[in-house]
Amino acid sequence: MYSKEGVTDEVLSKVIIDCGLDDFISKSTDGVETVLAEEADISAGQKQLITIARAMIDDAPVLILDEAASSVDTRTEKIISAAIDKLKGVIL
């Protein structure tokens, strides 16, 4: 999921759950080891959630999301909002 060394399985599992990616990861053929390319068949919402998960793992001091939920359905928008709230708790 992210090429940062030293990320424990516990941290990775928590981030996956916090970002609502557990279903996506479980359906991916290689799980967290799935390589995502530009042409990968993933939704805009999944891309946003993966970005948030990467920021959580990296403990990013700044994350800029331009209209984070502009092209997603209502359910995914709520998941993204919840993940961003959790991310703000990590950063603050």
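The model is predicted. The protein has four helices and zero strands. Along the sequence the pattern reads α-α-α-α. Of the 92 residues in the protein, 30% are buried. The salt-bridge count comes to three. The largest pocket has a volume of about 230 Å³.

**Overall fold**

- Helices are the secondary structure here: the protein contains four of them, and zero strands.
- Taking contacts between residues at least 6 apart in sequence, 63% join residues at least 24 apart.
- Buried residues account for 30% of the 92 residues.

**Salt bridges: the Asp18 network**

- Lys14, Asp18 and Lys86 are linked in a network of salt bridges.
- Side chains of opposite charge can pair when their charged atoms come close.
- Asp18 meets Lys14 in a salt bridge, with an N to O distance of 2.7 Å.
- Asp18 and Lys14 both belong to helix H1 (residues 9-18). They are four residues apart, so about one helical turn separates them.
- Asp18 also forms a salt bridge with Lys86, where the closest N and O atoms are 3.7 Å apart.
- Asp18 sits in helix H1 and Lys86 in helix H4, so this pair ties together parts that are 68 residues apart in sequence.
- The two partners differ in accessibility class. Asp18 has 15% relative accessibility and counts as buried, because the cut-off for buried is under 20%.
- Lys86 has 39% relative accessibility and counts as partly exposed, because that value falls between the 20% and 50% cut-offs.

- Lys27 and Asp23 meet through their side chains in a salt bridge, at 3.2 Å from N to O.
- Both residues lie in helix H2. They are four residues apart, about one turn of the helix.
- Lys27 counts as exposed, because its relative accessibility is 64% and the cut-off is over 50%.
- Asp23, at 44% relative accessibility, counts as partly exposed.

**Helix H3**

- H3 has 15 residues, which should span 21 Å at 1.5 Å a residue. The end C-alpha atoms are 21 Å apart, in agreement with that expectation.
- The buried residues of H3 include Gly45, Gln48, Leu49 and Ile50. Also among them are Ile52, Ala53, Ala55, Met56 and Ile57.
- Ala55 lies in H3. It counts as buried, with 6% relative accessibility.
- Ala55 and Leu87 are 32 residues apart in sequence. Their C-alpha atoms are 7.8 Å apart in space.
- Asp59 follows H3 and has a positive phi, near 55°.

**Loop residues**

- Leu21 is found in the loop between H1 and H2. It counts as buried, at 1% relative accessibility.
- Leu21 and Gln46 are 25 residues apart along the chain. Their C-alpha atoms are separated by 7.6 Å.
- Leu36 has its place in the loop between H2 and H3. It counts as partly exposed, at 33% relative accessibility.
- Leaving aside neighbours within four places in sequence, Leu36 is in contact with Ile42, Ile50 and Arg54.
- Leu36 and Lys47 are eleven residues apart along the chain, and their C-alpha atoms are separated by 9.8 Å.

**Largest pocket**

- The volume of the largest pocket is about 230 Å³.
- Its lining consists of 14 residues. Gly20, Gln46, Leu49, Arg75 and Thr76 lie nearest the centre.
- The lining residues of the largest pocket divide into five nonpolar, five polar and four charged.
- Leu49 lies nearest the pocket centre along with the others named above, and is also one of the buried residues of H3.

Key: Residues numbered from 1 in each chain as written. Predicted model: local features only at pLDDT ≥ 70, side-chain atom pairs only at ≥ 80, totals over all residues. Heavy atoms only, no water. 1 Å grid on protein atoms, 1.4 Å probe; cavity = no way out; pocket = protein on both sides within 12 Å on 5 of 7 lines; lining within 4 Å. Points joined across faces, edges and corners; volume = space filled by probe spheres on them. Nonpolar A, V, L, I, M, F, W, Y, C, P; charged D, E, K, R; others polar. Salt bridge = Lys/Arg side-chain N within 4 Å of Asp/Glu carboxyl O. Helix = DSSP H or I, 4+ residues; strand = E, 2+ residues; numbered from the N terminus. Buried < 20%, exposed > 50% of the residue type's maximum accessible area, 1.4 Å probe, protein only. Expected span 1.5 Å × (residues − 1). Contact = heavy atoms within 4.5 Å.
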